[in-house]
Amino acid sequence: MDTLICKDNLPSSSISTDTTSDRTLFSSNGSDSFEGPEKLLEIWFEPSPNYIDKGNSSTNIGLRSVERKIWDDMLNIVKCRIINMTENDHVDAYLLSESSMFVYQHKIILKTCGTTTLLVAIPRLLEIASEYCQFHRVWRVFYSRKSFMFPERQLHPHNDWKDEVAYLEQLFDNGSAYTVGRINGDHWFLYLTSPQNDITSDNENSSRLRHRAASSGDSYSLDVNVDDQCATNDLNLDDQTVEVLMTELSPKAMKKFYCNNMDDDSGTEGGARVDRETGLKNLYPSAKLDSFLFKPCGYSANGLLEDSYFTIHVTPEQSCSYASFETNIPLAHGSISEIIHQVISIFEPGKFSVTVFKTQGCNVDKKHLVNSLSNVAGYVRKDRILYDFDGYDLVFGHFEKRSCDK
């Protein structure tokens, strides 16, 4: 029998209306440099929308039924806010003051930069899923981030990876944490839980994960059953996410991400100007693009293409320059190597890391996946690592510009 989340047993998250992590409050003189590298959280409540229990209604749209005000309150905990929103038949895409949020029927993807407190909002997010969507169990959880530029400025639990893992382990059992790449160089952190594999079964003997509330002595349960590591394959999922994380960006290329006119060139109009001048709108020409230019600088964009997305975030200040590109758009719209070349030609980074996270399956060629992070003209590959996770393969690569090309 499933154990439901009880509101009374959930921890009381400290909700603050102080969103001082807004990038517009940071100067570009190096004394208050902005933390561009994002924290990325994915929570899947079902493997796909087809698994949502619609009960007596054929129109249950899961998490997409949650009202804007509810998300606003949850994001107050994170210390960011919604600045724009676009949607299609599959997903709601929110541009945030610090990055992005994508809400599908069955999962949520929340990506935040600066000194946001992303993990602290998880208890409230689980409460929302239970109260408004009748999601009483979690299928999988993923949390990842690049190494921070200014870790000492982060708020607990984000000031140390060990603290983040400890916080997640208070909430979820059967999670695994990894550090990928060189500890004395750019590296990437990952935490993930195993999948619930009997999601279509009534087998009461399956193992269950017990989720405990952080910062509280009370506990609550979400059913996440794990037996066979082939569960993801059995569900015929095809999930792939590619990230390109770039630092030491070309000052000349970054000039386009500043406002030309402080009064008229910011917001969505400024974002559209950046899209045209940089060629970002040509990455996926048929996508629905929502972009925003901040004052005095900084850029964010969400793009939707059917049931897939891409998102771009740019911190152009020379003292802390950083840009990220992320997408789960299928390879039919462009190979991994093609996308990497397109992206780095726009930002001209001194260094960049790539992560490719893909579901395992009988048609997945691991050698081809590894080779997708092949040599990049003008760069030296410092790392290329393959990880075999529960239902997923991960390839991580790190590249640095050749000395003669700097």
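How many nonpolar, polar and charged residues are in the lining of the largest cavity? Keep that one in mind while we set up. You're looking at a predicted model, so let's take a walk through it.

**Stop 1: the cavities**

Searching the whole structure turns up four cavities of 30 Å³ or more. Go to the largest cavity, with a volume of about 170 Å³. To find its centre, select Leu40, Glu42, Phe142, Ser144 and Phe357, the closest to it of the 14 lining residues. Now colour the strands around it: S1 (39-44), S6 (140-146), S8 (187-193), S9 (240-247) and S14 (351-359) each give two or more residues to the lining. And the opening question? The lining has eight nonpolar, three polar and three charged residues.

**Stop 2: the largest pocket**

Next, switch to the largest pocket, which holds about 500 Å³ of space. Select Lys107, Asp238, Asp239, Asp307 and Asn328; of the 21 lining residues, these lie closest to the pocket's centre. Colour the lining by class and you'll get eight nonpolar, seven polar and six charged residues.

**Stop 3: a pair of helices**

Time for some helices. Two packed helices are described by the angle between their axes and the distance between the axes. Select residues 68-78 for helix H1 and residues 122-133 for helix H2: they pack at an angle of about 160°, and their axes are 10 Å apart. Angles over 145 degrees count as roughly antiparallel, so that is the word for H1 and H2.

Which residues make the contact? On the H1 side, show Ile70, Trp71, Met74 and Ile77; on the H2 side, show Arg124, Leu125, Ile128 and Tyr132. By class, that contact has seven nonpolar residues, one charged and no polar.

**Stop 4**

Most residues other than glycine have a negative phi, and most peptide bonds are trans. Here are some spots that go the other way.

- Select Lys79, in the loop between H1 and strand S2 (82-87). Lys79 isn't a glycine, yet its phi is positive, near 75°.
- Move on to His156 and Pro157: the peptide bond from one to the other is cis, with omega near 10°. You'll find Pro157 in the loop between S6 and helix H3 (161-171).
- Finish at Lys295 and Pro296, which are joined by a cis peptide bond with omega of about -5°. Pro296 sits in the loop between strand S10 (288-293) and strand S11 (299-305).

Definitions and conventions: Residues numbered from 1 in each chain as written. Predicted model: local features only at pLDDT ≥ 70, side-chain atom pairs only at ≥ 80, totals over all residues. Heavy atoms only, no water. 1 Å grid on protein atoms, 1.4 Å probe; cavity = no way out; pocket = protein on both sides within 12 Å on 5 of 7 lines; lining within 4 Å. Points joined across faces, edges and corners; volume = space filled by probe spheres on them. Nonpolar A, V, L, I, M, F, W, Y, C, P; charged D, E, K, R; others polar. Axes fitted to C-alpha atoms, helices over the stretch in contact; angles between N-to-C directions. Helix = DSSP H or I, 4+ residues; strand = E, 2+ residues; numbered from the N terminus. Parallel < 35°, antiparallel > 145°, perpendicular 65-115°, else oblique. Contact = heavy atoms within 4.5 Å.
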